[in-house]
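Visitor: I would like to understand the words that are used for a protein model. Could you take me through them slowly?

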Amino acid sequence: MANFDLPISDRVQDLRDKRKRINKDLRLNVERNRILTEYYKTHEGQYPILKRAGYLYDWCATREINVDDDDIFLGDAGPHTRTVHFDIEQTGAMWFRSNFGDTDERFRAAWQVPGSVWVSDEEREYLLKAADFWEDNDIGATARGLFPDEFFAGPMGAFAKFLNGSYPGHFTPNYEKVVLTGFGAVRDEAKAKLAEIKAHTTTDNVRQDLFYRAMVKTCDAIILMSRRYAEGCREKAKTATAERAAELLKMADSCDWILENPARNFWEGCQAILFYQNLLTAEGVHWADSPALIDSYLGGLVENDIATGAITREEAQDYADAFILQIGNQIIMFPKPNNDQLIAAHNEGKTLYDLQGGGQNVAAGSLITLGGQKSDGTGDYNLATELFLLSYYRLRVAEPSLALRVNKHTPDRIWELGIACSKRSGGLPQFNNDDVIIQQLLDKGVPIEDARRYGIFGCVEPAVGGKEWSMASNCGAFGGGTGMLQTLQTVIHGNRDPMSGMERPGDAKKLYEYETFEEIQAEFVRLAKAGLDNMARMNHFAAFVFETAWPAPSVSTMTEGCMESGKDVTWGGAKYNGTGTMTNAIATVTDSLYVIKKLCFEDKSVTTRELYDAIAANWEGHELLRLKILNEVPFYGNDNDAPDALATWVTDFWLSYANSLPGPNHGHVNMGILDLAWVAGGKRTWATPDGRKTGETLSPSADPRPDAVKNGPLSYVKSVAKLPWDKATCGGAINLRFDANSVRGEEATAKVRELIQSFFTMGGIQFHFTVADTEVMRAAQKSPQDYQDLIVRIAGFSAYFTHLPFDDQENYIARYEIMV
Amino acid sequence: MDYKNVTGHIYDIQGYAVHDGPGIRTTVYTKGCPLSCLWCHSPESQKHEFELGYLQVKCLGADICRNACVDACPTGALTRGEPVKALDGSGMIQKAQIDRAKCTRCLKCAGACIPKALYATGWDTTVDEVYDRVIKDRGFFQNGGGITISGGEAMAQFDFTLNLAKRLKDSGIHICLDTTGFAPEKLFAEILPYIDLFLYDIKHMDTVMHKNLVGVGNELILDNARFLSSHGGALQIRVPVIPKLTNRETNLRQTAEFCASLGDGVKLVQLLPYHKTGRMKYERLGWRYKLTNVEPPDDAFMERTLEMFQSFGLNCQLY
């Protein structure tokens, strides 16, 4: 196998060290929220999209421009490198009051000790006051102003009231156009459209007029920001060494050019993406803004640079490394911790940054997709594909997430490098099956040339790059997450939730009232449909919240269809539209249904009443039955057709029905299979018929429960492959863990590749794997300082093992381990 | 042919057996071996009879399963042990305790044990049953993979092994036979047409040492290697490198010479450095692990040995 262990340059090493240093000295992005608040306060009557664009312009025009001594690339969404971003307009006043309005002593222990994310006294005071303003003006206020009462009464009530966390993001705008065309052309186009409207203004095109004015303003904004960075470089050059000054002046020339005009070289292409990424983050209100297929359009630039001798291959690698570090510098505070959590973390020597890494990809949920196909169906791999993969291999960073598209054109070297990289940095890249994912898009009516240009964003979600407002943002929110599990619980317990004791309205039987398993299945379907219908209804309302008052002009500038139609993405302007949701805990649901089917209706060894009583008692006094279930009932994950057929049935029904519902903006509903929190979700879930006790973890995403895998890895993979992945239009993966011995030897890479390809041939769409021995993880728990680079694949993201909460670490160690 | 009546003793079927030949493989492990290598990493494979294995950590205490194993034992070999803390912190439990001297290996307790802490180290099966199980993995064999029949010593259950190989061959599956080579030549002659690749161990070139280390001399093994390679058999030779036991320069050099003398039949030689992964298994069987004083060989030594083998023109790799 090729040797990928090329040394990292001193300069990149310095950047990496700087990042580690800064992680102990982070600051909250108050600047962005201050500029936003002041703009909104002084422009209350302005039309929402003009207000949004106006704020963006002010942000670009007045934000602090920092050029650090050693930077290869420029820019951040805040005034400092790695400023911790949050959106005040969807935070909710309560969070500020409970945390910043806390006693001085507790506030300081949470936000003003070494290692904390720093908030000064002045910032604290400002944000508390700002929270008062936002209470009646934020996204939650818009939601409260238009949601029907039923939304607030249901189990999602608290959530519906504030709409925190239901960002309409998870998409991939047209970064290619940012790099190869620039905003100058977009601005010209908008101006031309405005002139047309001016000549023929009617009530019908007034809103288009507003839209194009917002486009002009947004283009002006980002071009101005780039020029201000040019100024910053020139200023910095005055006091720099001669060598650095020359570099800074070159950077300044580039910053004067890019964003308005097409990038002329690799550095400019990378920098244009970074500035646009900063703008997207600063606009906020959407997230997981994911640069897809960057190698596709940066490849020509870097290959040309090297061919003309402008840079060496080593310098190109430095740029790729620095780009990955820079784009990983965006940090978003989600979920938002409270003072108790922060103080506890600080007492353990951890930071807010550490806390973020346990629940998601900390780089604002952003994901880079590499490889794939050109629109004519030929392979799309080039030097840039290799450079960026090498960067992940060398740098051992967990963010942003990384996806590699594979197909029959994928070169052997890219396969080798991808696998070598994922072996080192668990799950980075994740592998994506072009054959099935492209077919999914075709099935939705996307023409082949667009389908071939899909990208992955957020965790695992596919969409057409640059042309789709995909909003796969409802993971874990409205009706996603544990919906399937809740349906199961209702089938068992009727309308009384055993966890909270709350009664829900409507009729529902209890487990012991059913006569046949078919009756149970029919009721499962009835309840599920009602739940999914309700989810779809709520999603339309949620989309309307954003359409009404929270448009996304920074996205619309670079999403195909918007400029043509004169509509913002939130108004349905994109060429393709969708909304995505996830289901989870496939094995917990399947195994539970199978236990009921087999024991109560086939073997008749246990009555439904006995099983119900055992579950209701959380198995207390029924341990023997629980043990028999765990050890004698064959579960999903063993290539056993009986339980696997139920897994396929429940998943197929769930995906098909959800996908058949109408999505916002006349788009599709996309259902996938993914969970980010089966440990936390398990804590909220009562005992289940599969022998799981109350509070124990759920099965992770589409994977079997680890202790139920009894026939080895191939049977595991085959069971998972049986699920109807062609219908998982919001994505979903198998997530395997190997011990080091299973992937040793010269042929190991080829064998892992065969396993991936076998899974894909069987219909799987995404494959994630980690190599981590239990012994290594135990050592990392004891001496975390020595294992800062240990990265494991959790679900749709990879995490630094040492950042995971203890329970998640233990859960990861308990994952099924392939040991050969 | 009806394979329902051809029975075998096996102790495991393992998927993704990536160390047992080319590609992704599923390996059938037969039970019983005429050799008893000191470094054997699968001691449960050595005896033909099934034994009682005990994975103590899985025992949840005799109260929960209402003395199932203790009551099942006809000889009193199983008793309730001293109270110990339960792993889940639920209190004190009394785990099963085996008096191996009294155990007749009737395995009734393994049948009664619900959490499968007590288990039989194998089961009786038929060619049909094994075929039906392993053929399910066929989707993974696209790129050179297939089935490996391993042991113990699969040739010791010749009827079963031959018929399984035939059955698989009929389905176009690539078959490896992992063998010690310790079986009559006429049996190898009979099975040769059905085996795509022999995974063949050469453990020591000195027959006296060989007998000391594994219990039998090496003559038959070396003769069979010559027979197979001269009759169209493909061999992947595996050489265990065990510090203090097989790692002497002369032995390794003679091994390389021997491999080279076999000619084109030898497709690959793999040098297998000693590792300790089998150690825990001895404990579960209540056996003593004999190589307590041996450490894995160092990388530099393995590299030198690799170069030496390659100097004989052999396609050789460290494994």
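Guide: What follows is a conversation about some terms and the values behind them.

Guide: This is a predicted model, in which local features need pLDDT of at least 70 and side-chain atom pairs count only at pLDDT 80 or more, while totals for chains, interfaces and linings use all residues. Residues are numbered from 1 along each chain as its sequence is written, and chains are lettered from A and ligands numbered from 1 in the order in which they are written.

Visitor: Why does L352(A) count as buried?

Guide: A residue is buried if 20 or more other C-beta atoms, placed from the backbone, lie within 10 Å of its own, exposed if 12 or fewer, and partly exposed in between. L352(A) has 23 C-beta neighbours inside 10 Å, and therefore it counts as buried.

Visitor: Which residues is L352(A) in contact with, leaving aside its neighbours within four places in sequence?

Guide: Two residues are in contact if their C-beta atoms, placed from the backbone, lie within 7 Å. With those sequence neighbours left aside, the contacts of L352(A) include L26(A), V84(A), S116(A) and P337(A).

Visitor: What is the length of helix α14 of chain A, and what span is expected?

Guide: Helices are DSSP runs of H or I with at least four residues, and strands are runs of E with at least two, numbered from the N terminus. Helix α14 of chain A, residues 266-283, has 18 residues. The expected span is 1.5 Å times one less than the number of residues, and α14 reaches 26 Å from its first C-alpha to its last, close to the 26 Å expected. Of its 18 residues, 18 are buried, and just after α14(A) comes G284(A), with a positive phi of about 70 degrees.

Visitor: What makes a set of residues a nonpolar core?

Guide: The set must consist of buried Ala, Val, Leu, Ile, Met, Phe, Trp, Tyr and Cys residues joined through C-beta atoms within 7 Å. The largest such core has 319 residues, of which I222(A) and Y392(A) touch the most other members. Helix α12 of chain A, residues 203-237, gives the most to this core, with 15 residues. Apart from it lies another core of 20 residues, among them C73(B) and Y119(B).

Visitor: How do you know where the domains of chain B lie?

Guide: Domain bounds come from an automatic or database domain assignment, which for chain B gives domain 1 (7-49 + 123-318) and domain 2 (52-120). Their centres, taken over C-alpha atoms, are separated by 34 Å, and the contact takes 6 residues from domain 1 of chain B and 7 residues from domain 2 of chain B.
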